[in-house]
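Hello,

Here is the structure I promised to pass on to you. Please have a look at it first, and then read on for what turned up in it.

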Amino acid sequence: MAEVLLFHHAQGLTPGVRAFADDLGARGHIVHTPDLFDGRTFQSIDEGLGYIGEIGFDEMRERGIRVANELPPELVYAGFSFGVLPAQKLAQTRPGARGALLFSSCLPISGEWAFGPWPDGVAVQIHGMDNDPIFVGEGDIDAAREVVEKVDGAELFLYPGDQHYFADSSLPCYDADATALLTNRVLEFLDRV
């Protein structure tokens, strides 16, 4: 059994993010889903990013880190898109991390945007759609490939399609088949770490 800290995407802690967490919990894992937006949800990615911009990306990331400080260090950090910011930072910088699950986003592990090199012994899976205009078009896939190239055992899974939040069952972009495969891969990962 793993303990997971799962961060939501820019549209907030939607019913679909909660449902994904519940699916993992139904398999015996402990999943924490903090609400970094204090109950707010948004109808579009742009609206959510606007709210994050008002508060500040650094402050939002730090909210996630403060949540983690209330939990034991032996966590798997997971995030959907925007939620990858705190998840990846914690996986890379908080001692005791067991793994990272990065959905539809990935930050580089070298260069200006990096939190530093990937720590030894921290497993990582990255999932995204192969024609997602954000994941592919904005370069996250290149960061993901860098992680896979440099981190022993890192995995990148690409799914056919062009949706960003494809694993959120409460949104129109939901892809049930891709999400079922993603969930199976995540559960196998959680059983290993």
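**Pockets, a cavity, cores and salt bridges**

In the second largest pocket, the lining divides into 8 nonpolar, 2 polar and 5 charged residues. Before I go further, please keep in mind that this is a predicted model. That pocket holds about 200 Å³ of space. Its lining is made up of 15 residues, and Val-122, Ala-123, Val-151, Asp-152 and Gly-153 are the ones nearest its centre. Two elements, β5 and α6 (176-192), each supply at least two residues of this lining.

The largest pocket has a volume of about 630 Å³. Its lining counts 25 residues, with Phe-57, Leu-85, Ser-105, Leu-107 and Asp-140 nearest the centre. Helices α2, α3, α4 and α5 are the elements that give two or more residues to this lining, and the largest share, 3 residues, comes from α3. Sorted by class, the lining of the largest pocket has 16 nonpolar, 4 polar and 5 charged residues.

The residues lining it are His-9, Phe-80, Phe-103, Ser-104, His-164, Tyr-165, Phe-166, Ala-167, Asp-168 and Leu-182. By class, this lining has 6 nonpolar, 3 polar and 1 charged.

Now to the packing. The largest nonpolar core has 40 residues, and Tyr-77 and Val-124 have the most contacts inside it. Two or more residues of this core come from each of β1 (3-7), α2 (45-55), α3 (57-68), α4 (84-93), β4 (99-103), β5 (123-129) and α5 (140-150). Of these, α4 gives the most, with 5 residues. Apart from this core lies another one, of 24 residues, including Ala-2, Val-76, Leu-182 and Phe-189.

Tyr-77 is worth a look on your screen. Leaving aside residues up to four places away in sequence, Tyr-77 touches Leu-5, Ala-68, Ala-87, Leu-90, Ala-91, Arg-94, Ala-97, Gly-99, Ala-100 and Leu-101.

- Glu-59 and Arg-63 meet through their side chains at 3.4 Å, N to O. Both lie in helix α3, 4 residues apart, or about one turn of the helix. Glu-59 counts as partly exposed, at 29% relative accessibility, whereas Arg-63 is buried, with a relative accessible area of 18%.
- Glu-62 and Arg-61 form a salt bridge at 3.5 Å, N to O. Glu-62 is partly exposed at 25%, and Arg-61 is buried at 16%.
- Glu-146 and Lys-150 pair up at 3.1 Å, N to O. Because they are 4 residues apart in helix α5, about one helical turn separates them.

Best wishes

Definitions and conventions. Residues numbered from 1 in each chain as written. Predicted model: local features only at pLDDT ≥ 70, side-chain atom pairs only at ≥ 80, totals over all residues. Heavy atoms only, no water. Core = buried A, V, L, I, M, F, W, Y, C linked by side-chain atoms within 4.5 Å. Buried < 20%, exposed > 50% of the residue type's maximum accessible area, 1.4 Å probe, protein only. Contact = heavy atoms within 4.5 Å. 1 Å grid on protein atoms, 1.4 Å probe; cavity = no way out; pocket = protein on both sides within 12 Å on 5 of 7 lines; lining within 4 Å. Nonpolar A, V, L, I, M, F, W, Y, C, P; charged D, E, K, R; others polar. Points joined across faces, edges and corners; volume = space filled by probe spheres on them. Salt bridge = Lys/Arg side-chain N within 4 Å of Asp/Glu carboxyl O.
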